[in-house]
Amino acid sequence: MALRTKAGVWMAGPHLALHWARTLGTRAAAAPKAVLPFEAIPRCPGNKWLRLLHIWKGQGYEDLHLQMQQIFQELGPIFRYEVGGKHTVLLMLPEDVERLKQADGYLPHRTVMDPWLAHRQHYGHKCGVFLLNGPEWRSDRLRLNPDVLSLQAVQKFLPLVDSVARDFSKALLSKVLQNARGSLTLDIQSSIFYYTIEASNLALFGERLGLLDHSPSPASLNFIHALDTMLKTTVQLMFMPRSLSRWMSPKVWKEHFEAWDYIFQYANNSIQKIYQELALGRPRHYSGIVAELLLHADMTLDSIRASSIDLTAGSVDTTAYPLLMTLFELARNPEVQQALRQESLLAEAKISENPQRATTELPLLRAALKETLRLYPVGIFVERQVSSDLVLQNYHIPAGTLVQVQLYCLGRNPAVFARPERYHPQRWLDNKGSGTRAPHLAFGFGPRQCLGRRLAETEMLLLLHHVLKNFQVETLTQEDIKMIYRFILMPSTLPLLTLRAIS
């Protein structure tokens, strides 16, 4: 049974002016009879080449999500946006998401991340599903889904993740109890990153790294640094034609390639060990996602390696930052935290007996994760290159147009989410039976939704469950945290959190 939280909560993030709700609404105004041409779509003012120059100078796009929010307020729920040679139509209303879903088709297409593709092409590596389109994407994706995304796969890897989450909580409790005050104040970011690496590595490759027991190895620290560099340099390169950026930004390309080299090396070492052990004898029990893919033998080794690297690269930051923001929001919303703790304590006996029950016994905690991702979506947009002509907001959108749904703006639209500045997980449960389902798009939609979605959700759910059972999380910081865009949305800084042991 869902546990309700009280009304009093702290505001979360910059909130929109009330006129935005009246201007945009959940639906556009009654459409004129004639569909308007593509050229009539409002166009973002400014010079597309000056925007590119802005990125090249290193000023980047760290406030891109706020820029988009401001432009929607000025131009309405649809506009055209251009950077260099890249042209995009931007949207932020649920009704347009539904039309995109309906138009998704058999082979949903999205633009390829060119800096990532350049690295694969340079070394002759096969691309994983993140960088593929067309029949090759569909073939690999259908073979990956059963072992990565299906509910049956979750039931298999969930106990592995649960063991890491329990160990994380035990290690944290040991540190807390060493202090005479029974509390510990820390910057928890590094600990959360080690957890996500440990849990993902075990679920993917069946191997514990020992990051929770002692100081992390240089290899793990280098891996985290490589991920950070890869994400930062991606933004600096993604809007610029490759031929131009290689001339203007050779140092950025060098850093980008070196970061990917290390990520490849990190994942390849793990895959090679699994391959050798399987060649010497079949395991007696489940030993991770990659081992299952190798045992099934319905994909080539190169295909398995390519998509395993995609999953490895996408399994750390994209899970760690939502966890950090959830802990912060619970620290400054103690009544929400208490409701979640009560739910976890009531469910603990069932989950301890059968860890798989965590997916059904913690509805409010699952809602809290949705609420975090509404306010702080790791990926600030979902995109499609539409395969056929369609009409959005009464404008003609030609086939081949790149369309982006801006999730940060959608999640903070007061016409879609009442009082969007509130951290209010209960809203997701209240809407469940009302027939007005709120859009949850943090992992994308349709056949191209995030392949690692279930693994990420499992890691976040179990860590929070075990932490909330054992600790009261507190902070003195009540102000909003500034979020920055570096290919993913992340906090610029994080406040200290105080953890108090619950007897």
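Which residues in H8 meet Leu455, Glu459 and Leu463 in H20? The model is predicted, with local features requiring pLDDT of at least 70 and side-chain atom pairs pLDDT 80 or more, while totals for chains, interfaces and linings use all residues. Numbering starts from 1 along each chain as its sequence is written, and side-chain values use heavy atoms, without hydrogens and water.

**View 1. Packing of helix H8 (residues 189–205) with helix H20 (residues 453–470).** Helices are DSSP runs (H or I, at least four residues) numbered from the N terminus. From H8, Ile192, Tyr195, Thr196, Ala199, Ser200, Ala203 and Leu204 meet Leu455, Glu459 and Leu463 of H20 (contact: heavy atoms within 4.5 Å). The residues of this contact comprise seven nonpolar, two polar and one charged (nonpolar: Ala, Val, Leu, Ile, Met, Phe, Trp, Tyr, Cys and Pro; charged: Asp, Glu, Lys and Arg; polar: the others, Gly among them). The axes, fitted to C-alpha atoms over the stretch in contact, lie 11 Å apart at an angle of about 130°, on a scale from 0 to 180 degrees between N-to-C directions.

**View 2. Buried residues of helix H5 (residues 114–123).** Pro115, Trp116, Leu117, Ala118, His119 and Arg120 are buried (under 20% relative accessible area, 1.4 Å probe, protein chains only). These buried residues pack against helices H9 (218–238), H10 (242–248), H11 (250–280) and H13 (301–313). Just after H5, Gly124 adopts a positive phi of about 75°.

**View 3. Lys469 in helix H20.** Lys469 counts as buried because its relative accessibility is 13%. Not counting residues up to four places away in sequence, Lys469 touches Arg166, Ser344, Leu345, Glu348 and Ile502.

Notes. Helix = DSSP H or I, 4+ residues; strand = E, 2+ residues; numbered from the N terminus. Buried < 20%, exposed > 50% of the residue type's maximum accessible area, 1.4 Å probe, protein only.
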